Amino acid sequence: MTIYSLSRSFKTSVERTPRVLEVAESFGLGLSDKEFTLYDELELDIRASDVVYITGQSGSGKSMLLKDLAAEMRKDGLKVVDLNEVELKDKPVIELVGKNVTEATEILSRAGISDAWIFLRKPSELSDGQRYRLKLALVMEADADVWIADEFGAVLDRVTAKSVAYNMAKVARRQGKTFMVATTHDDMTEELAPSVFIEKLFNDRIEVLCERYEEEDPPQMLMAAE
Ligand SMILES: Nc1ncnc2c1ncn2[C@@H]1O[C@H](COP(=O)(O)OP(=O)(O)O)[C@@H](O)[C@H]1O
Ligand SMILES: [Mg+2]
């Protein structure tokens, strides 16, 4: 178990161009340097097998939180794979994951790619949504401890986003990975079944809900009657 302690604030300093001054005057905004805080000594207990679902409005600090958490986890020695950093080789999709065709199709289908014709295309020939799902497949394959996806499912329709969320969360839990997503969409609670749910509100406000179920008792061995 690791508790991560996170703080992040920014100065409000702005470059004083003529237009900046005009806007400041029109809207009555002071331009003296202040600080705004996104979170201050926020303590998060995040463990292997946790699904962490971060939601909140645009600009509330979700991406920052995900980035800071990832940095702390890397410092802690964990291997973190970030969906936004996945690079795609210029080869047919079926060549990009798995040790063989069977494994490749299995991983791709978990990421929501099951049309055979997509298997044969190269990443540059795919739609944004298809490319996104391919990246998710590579994230699952990267042999990392932690998977992170900012703007999770943003380029997918809601039905696909939810189905991919369900599959990835299931695989993550089964493989003991920590899966952390951030998105303004708050409609995936059922599919992700997160153990840590974080709603980032404006300024330094944040709500954290932790629902971790105790491990089930190991199945009892049946004793043979003597
Ligand atoms: N380098 C920076 N300097 C100043 N403010 C920043 C910087 N990076 C992000 N911010 C501010 O921090 C807030 C949170 O940003 P972000 O985490 O990207 O929000 P979200 O992902 O929830 O949309 C925003 O108000 C943004 O303008
Ligand atoms: Mg963001």
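Select Ser63 and ligand 1: a polar side-chain atom of Ser63 lies 2.7 Å from an oxygen atom of the ligand. Keep in mind that this is a predicted model.

One of its polar side-chain atoms is 2.8 Å from an oxygen atom of ligand 1. Next, show the backbone of Gly59. There, a backbone N or O atom sits 2.6 Å from an oxygen atom of ligand 1.

How much of ligand 1 does the protein bury? Taken alone, the ligand exposes 570 Å², and the protein buries 59% of that.

Pick Phe10, Phe36, Leu38, Gln57, Ser58, Gly59, Ser60, Gly61, Lys62, Ser63 and Met64. Colour them by class: you get 4 nonpolar, 6 polar and 1 charged.

Which elements give two or more residues to this shell? They are β2 (35-46) and α2 (62-75). The largest share, 3 residues, comes from α2.

Leave the ligand and move along the chain. Select helix α5, residues 128-141, and helix α6, residues 158-175. Their axes come within 11 Å and cross at roughly 5 degrees. Angles under 35 degrees count as roughly parallel, so α5 is roughly parallel to α6.

Which residues meet here? From α5, show Arg133, Leu136 and Met140. From α6, show Thr160, Val164, Met168, Val171 and Gln175, which they meet. Colour this contact by class too: 5 residues are nonpolar, 2 are polar and 1 is charged.

Terms used. Residues are numbered from 1 along each chain as its sequence is written. Chains are lettered from A and ligands numbered from 1 in the order in which they are written. This is a predicted model: local features need pLDDT of at least 70, side-chain atom pairs count only at pLDDT 80 or more; totals for chains, interfaces and linings use all residues. Side-chain values use heavy atoms; hydrogens and water are left out. A residue is near a molecule or strand if one of its heavy atoms lies within 4 Å of it. A polar contact is a pair of N or O atoms within 3.5 Å; within protein, one must be able to donate a hydrogen and the other to accept it, and residues adjacent in sequence count only if both atoms are side-chain atoms. Accessible areas come from the Shrake-Rupley method with a 1.4 Å probe; for residues, only the protein chains shown count as cover. Helices (H or I, at least four residues) and strands (E, at least two) are DSSP runs, numbered from the N terminus. Ala, Val, Leu, Ile, Met, Phe, Trp, Tyr, Cys and Pro count as nonpolar, Asp, Glu, Lys and Arg as charged, and the others, Gly among them, as polar. Axes are lines fitted to C-alpha atoms, for helices over the stretch in contact, and angles run from 0 to 180 degrees between N-to-C directions. Angles under 35 degrees count as roughly parallel, over 145 as roughly antiparallel, 65 to 115 as roughly perpendicular and the rest as oblique. Contact means heavy atoms within 4.5 Å.
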